Amino acid sequence: MAFPTGTFTGTNLASFIPSIWGDRINDFFKRKLVLGNFFTDRSEELADGGKTLYTPVLTEMTANPKTNAAAVTLNSTTESSVPLTVDTWYEVSFAIEDKEAAQVKKSYNLQEAYAKNAAYTIAKQLDDAIAALFSGFSSTVGSSTANVADSDIRSAIATLEAANIDLDECAFFFHPTVFWRQLQAIDRFALAVNAPVQDPVAKRPMASLYGIPVYVTTAVPYVSGTNGRINLLAHKDAIHFATLSLEKQSPNTKIGEYNVRIQSNYIPEYLSTVTTADIVYGVVENRDNAAVKILSTATCA
């Protein structure tokens, strides 16, 4: 028999059908902050205070011929220093008042989630400051209007090795688009027959070129005024950075990676909890000849 008409619909039962807020939060995706883990961190040298950290620069002396009964030839080089000024202060803050704190679903742990995001944003500020120094290095290979070529990679390596840079303490830094759409299109780096341990079909390729580690990060900056990217081959001493040890203002203050300080304080007159993450840092190009810019188009030519 035919099913009767007039059955209940969602509209009829709308008053009884709840809308449920789930227990999970879709947090924003975060990039891996790799630059600070590679380049030289001088923070410990400022643990007792200080604003500017000077690094003396020694130049190579000259070997001179020696003859009998003749005085030695003295070397008298004029030395210099590299100043690292740690005076850049950034903060990320937010406040949640008592009424809203009581209304928010407890399973979200919203205060903790926001605090972690604030700490990440502050640490990314340092990562971006290091990446901004890429453009300042003098040595350059490649073109901002072309894909990275194998010859560019070899030229960058040759440049550093000719300057007696220890390649065991070097690494490449490429933007993901450059690594996946340009480098992995070069048969020498991608084909399993040439690199059997990096079978591109079976697994993600190992991040190394000619035995030198590769970091893939969206922190790699654009070439100013173009659509290119400033990828880099660098020794860890090419860039120095430091952060200050900020004081703990209360027992619940936390000090995270790179001396990022996270603290929450209750403000009675506003019936509100204010949370702040902050950092004081400095970055400097320490050795110009210890890095080579590898220019490429930002997309794929």
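Which residue forms a salt bridge with Arg-287, and how far apart are the closest N and O atoms? The partner is Asp-237, and the closest N and O atoms are 3.8 Å apart. A salt bridge here is a side-chain nitrogen of Lys or Arg within 4 Å of a carboxyl oxygen of Asp or Glu. Arg-287 lies in the loop between strand E13 (272-285) and strand E14 (291-297), Asp-237 in the loop between strand E9 (228-235) and strand E10 (239-243), so the pair ties together parts 50 residues apart in sequence. Helices (H or I, at least four residues) and strands (E, at least two) are DSSP runs, numbered from the N terminus.

Some ground rules. This is a predicted model: local features need pLDDT of at least 70, side-chain atom pairs count only at pLDDT 80 or more, and totals for chains, interfaces and linings use all residues. Residues are numbered from 1 along each chain as its sequence is written, and side-chain values use heavy atoms, with hydrogens and water left out.

Back to the pair. Arg-287 is partly exposed, at a relative accessible area of 45%. Asp-237 counts as buried, at 18%. The cut-offs: buried is under 20% relative accessible area, exposed is over 50%, partly exposed is in between (1.4 Å probe, protein chains only).

The structure holds 13 salt bridges. Another one joins Arg-188 and Asp-150, with the closest N and O atoms 2.8 Å apart. Arg-188 sits in helix H6 (residues 187-190) and Asp-150 in helix H4 (residues 150-162), so this pair ties together parts 38 residues apart in sequence. Arg-188 is partly exposed at 46%. Asp-150 is buried at 11%. Then Lys-30 and Asp-27: their side chains meet in a salt bridge at 3.0 Å, N to O. Lys-30 is partly exposed at 35%, and Asp-27 is partly exposed at 38%.

Next, the core. A nonpolar core is a set of buried Ala, Val, Leu, Ile, Met, Phe, Trp, Tyr and Cys residues joined through side-chain atoms within 4.5 Å. The largest one has 60 residues, and Phe-39, Ile-153, Phe-172 and Phe-174 touch the most other members. Helix H3 (residues 110-131) gives the most to this core, with ten residues.

Take Phe-172. Leaving out residues up to four places away in sequence, Phe-172 touches a list of residues including Ile-153, Ile-157, Leu-232, Leu-233 and Ile-294. Contact means heavy atoms within 4.5 Å.

Now the sheet. Six strands form an open sheet with mixed pairing, in the order E5-E14-E9-E6-E8-E7. Strand E5 (140-142) and strand E7 (208-209) stand at the edges, each with a single partner strand, so one side of each is left without a neighbour in the sheet. Two strands pair if DSSP finds at least two bridges between them. Strand E6 (residues 170-174) pairs with E9 in the antiparallel sense, over four bridges. Ala-171 stands opposite Ala-234 in E9.

Last, the surface. Phe-8, Leu-13, Phe-16 and Ile-17 form a nonpolar patch there, with about 490 Å² of accessible area together. Patches are made of residues with over 30% relative accessible area and no salt bridge: like charges are joined within 9 Å, nonpolar side chains (Val, Leu, Ile, Met, Phe, Trp, Tyr) within 5 Å. Accessible areas come from the Shrake-Rupley method with a 1.4 Å probe; for residues, only the protein chains shown count as cover. Ile-17 is found in the segment before helix H1 (35-38). At 52% relative accessibility, Ile-17 counts as exposed.
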